[in-house]
Amino acid sequence: MTQESLKPRLVVLQEGRPVKTLEVVPGQEWKLGRHPQCAVIIAHPSVSRFHARVFCDATGVYLEDLNTANGTYVNGQRVQGTVTLRDGDVIRLAQATNPNPILLKFEDPSARLLEALVEEEKPSESPAEAPEASAEAAAAAEEAADVEVAPSPVPTGWRGLLTWVRQPVVWVPVAVVLVGAVAVGVYLVSRFQATQRPWQSVRVEPLKVRAGWLLTLQGPDVQPASGLRVWVHDREATVQVAESGKLQMTVPELGLGERGTRVVELRVERKGLVLFRQSIQYEVVPQIRAVRPTEVAVGQTVSIEGTGFTSQPADVKVRVGNLDAPVVKAAPGLIQFRVPVLTRRGVVDAPVEVRIGEWSERTVSLKVRPRDLPCYPLLFSATYMTANVWQVQSNLGCLLYVEGPPPADDRPDAPPPPSVQQAIQALNLAFDKARSDPSVHWEVRESGGTPVLVAVGSSLGRPVEVGAWTRAVQNHLRARLPADQEAALLPYWNAAVLNDLLDLFSKAQAPSRLPSDSGLRAILQRLYDQNLAVGGRGCPGLDDIQTLTPADREALENACLAMPRNYGSVAGRWTGEMENVFYLTLRDATVVLQMDLQQRGSVLSGTATVETRSPKMRWTLPAVSVRGRLDLSRSVLELVLPLNRPFGTVTLQATLQGDTLAGSFSTSEGKQGNFRLQRAAKAPPPE
């Protein structure tokens with residue numbers, strides 16, 4: 001063992017393995033903490049920048065806590081101020097919540113050896129109380145007393161050894177043997193030190209390295225020899241050049257995880273003896289090894305495999321072509337991203353560039369094709385409710401109610417009656433035709449005073465009836481709707497729901513028939529936008545449906561009865577202006593229209609007055625009765641006002657948008673213009 005190996009030292013332990021060793025010499029101190037200038041850097045948020053220091057003088061090695069908030073611990077006990085370190089002490093700087101803290105172990109080989117040498121074995125003098133001897137034993141003892149007992153040939157303890165050695169017959173040959181052994185030992189040690197002397201004057205270049213770089217040791221002490229091995233951290237380096245005064249090796253891959261710079265130990269050994277030891281900086285740089293797959297569809301996930309990445313997805317930027325790609329996972333050895341919408345038709349080549357901090361690298365090009373997932377298929381079925389009423393639903397939720405006799409038996413899979421099967425067939429036909437015919441839509445028409453839901457479109461020929469709101473259906477719905485909602489408007493709500501489902505799942509169009517403030521429309525709009533964002537045409541697929549929350553699914557399941565309060569109601573007072581096409585000589589006159597409307601389902605009635613205002617005069621025509629109809633499937637209403645001249649009979653055609661009626665009018669006098677009315681007050685629902 002050389003003198004250097006007996007110096008006290010600090011061994012840095014990471015997950016129980018030594019990663020660095022610092023020798024402690026008198027007059028020098030080592031700072032420990034987070035700061036880059038510290039001899040031991042522990043990058044943990046609970047560790048202070050300058051957390052503690054270790055120093056040595058003639059009396060021993062000491063550890064001082066630098067008044068830190070999270071404390072310094074020796075063998076699990078928190079220390080205050082300065083403490084003396086003993087061989088085997090384990091030091092922890094804060095890191096109370098770290099499951100694998102970085103520890104420092106203090107080793108003092110010289111103190112350990114000195115303690116072993118100076119420890120003297122105490123003489124064992126333990127007289128035992130002999131039991132009362134028998135008569136024969138007493139006689140034997142008297143005979144033994146007359147016999148001279150020879151000294152024991154085996155000495156015990158240092159004192160016994162000295163007594164034994166003092167005998168002339170012993171010490172002369174022993175002295176000869178010892179002198180010879182010492183002479184041989186001195187010779188062997190001198191030869192051993194001549195060939196195994198530690199390297200003192202050595203220059204290391206560079207001091208900051210990466211995997212694969214050449215690292216050079218130069219100096220007069222550098223001498224090649226058989227059995228020479230070089231270690232960087234815990235990996236052996238491959239020696240490229242070994243000559244007198246120069247040793248050059250390739251830095252191995254250390255597998256230290258995320259990108260960044262770490263302090264590691266460079267160590268040269270020969271036959272188990274450390275000839276040289278020094279700390280160097282090892283920089284972990286990301287390396288890309290594979291990208292797979294390289295032929296992908298828009299929205300598909302791509303994996304980048306390599307080393308030295310980061311665990312923070314926010315720190316990773318991936319650009320595919322000219323678009324940023326969302327990063328879905330980041331780890332030191334893996335990055336996953338989703339292919340952005342680069343194409344909606346045809347295959348395109350797009351290079352991939354990865355950036356982490358200041359590092360960036362352009363990898364392979366991807367062959368990106370449009371998203372090819374099919375639209376989510378709507379499947380229709382029926383469930384018997386009560387009193388000859390069936391609920392027709394899709395696999396997303398309720399759609400409408402139709403009348404039909406109860407099932408023939410109580411089996412859960414009993415087929416519905418023909419009238420209900422006809423409704424299901426009509427739904428399948430309309431959704432199938434709408435994929436190629438944008439004119440297909442749903443309307444509510446009246447047949448004998450009963451609202452009927454029909455599908456119309458050029459590819460359908462004649463209107464296809466789905467269901468009628470018979471008296472049985474209306475009675476069933478009145479019992480389920482709140483008291484302040486009119487059941488007569490429910491057919492129009494069901495038609496609006498069906499039209500938006502038809503637009504979304506068959507035509508790949510955004511919903512537009514439901515009220516803009518409807519929660520149901522917001523759900524459908526989100527499915528549409530989400531599908532476009534991942535490269536689809538707007539028609540949601542299975543993966544889009546799987547993003548629905550439980551609240552979303554509940555809203556879709558109850559869609560047929562989720563009619564908002566005052567939906568389709570135009571009852572109340574409306575006030576606004578009509579374009580002045582009546583008084584050609586009074587261009588500065590304003591024509592004000594006020595209507596008080598009542599509503600019964602789609603039938604409208606009420607009164608209207610027209611007032612003309614000019615800077616010089618104002619006059620009002622007598623109130624007239626109003627009649628009209630509301631088509632909620634298109635949110636369109638038509639009103640007829642039988643006014644006097646110069647107006648004549650005026651026909652209003654308007655679109656309902658919340659509390660606004662806007663449209664055009666025509667008169668029996670051949671005049672045309674535009675108008676816009678605002679709802680001033682809402683009428684209570686009919687009793």
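These legends describe close-up views of a predicted model. Local features need pLDDT of at least 70 and side-chain atom pairs pLDDT 80 or more, while totals for chains, interfaces and linings use all residues. Residues are numbered from 1 along each chain as its sequence is written, and side-chain values use heavy atoms, with hydrogens and water left out.

A nonpolar core is a set of buried Ala, Val, Leu, Ile, Met, Phe, Trp, Tyr and Cys residues joined through side-chain atoms within 4.5 Å; buried means under 20% relative accessible area (1.4 Å probe, protein chains only). Among the 89 residues of this core, W442, L641 and L652 touch the most other members. Helix α7 (residues 490-505) gives the largest share, eleven residues; helices are DSSP runs of H or I, at least four residues.

**View B. F55 and Y62 form a stacked aromatic pair.**
Rings of Phe, Tyr and Trp (its six-membered ring) pair if their centres lie within 6.5 Å; planes under 30 degrees apart count as stacked, over 60 as edge-to-face and the rest as tilted. Here the centres are 5.5 Å apart and the planes at 25 degrees. F55 is buried at 17% relative accessible area, and Y62 is buried at 15%.

**View C. W493 and Y567 form an edge-to-face pair.**
Their ring centres are 5.1 Å apart, with 80 degrees between the planes. W493 is in helix α7 and Y567 in the loop between α10 and β36, 74 residues apart. W493 is buried at 0% relative accessibility, and Y567 at 9%.

How values were computed: Buried means under 20% relative accessible area, exposed over 50%, partly exposed in between (1.4 Å probe, protein chains only). Helices (H or I, at least four residues) and strands (E, at least two) are DSSP runs, numbered from the N terminus.
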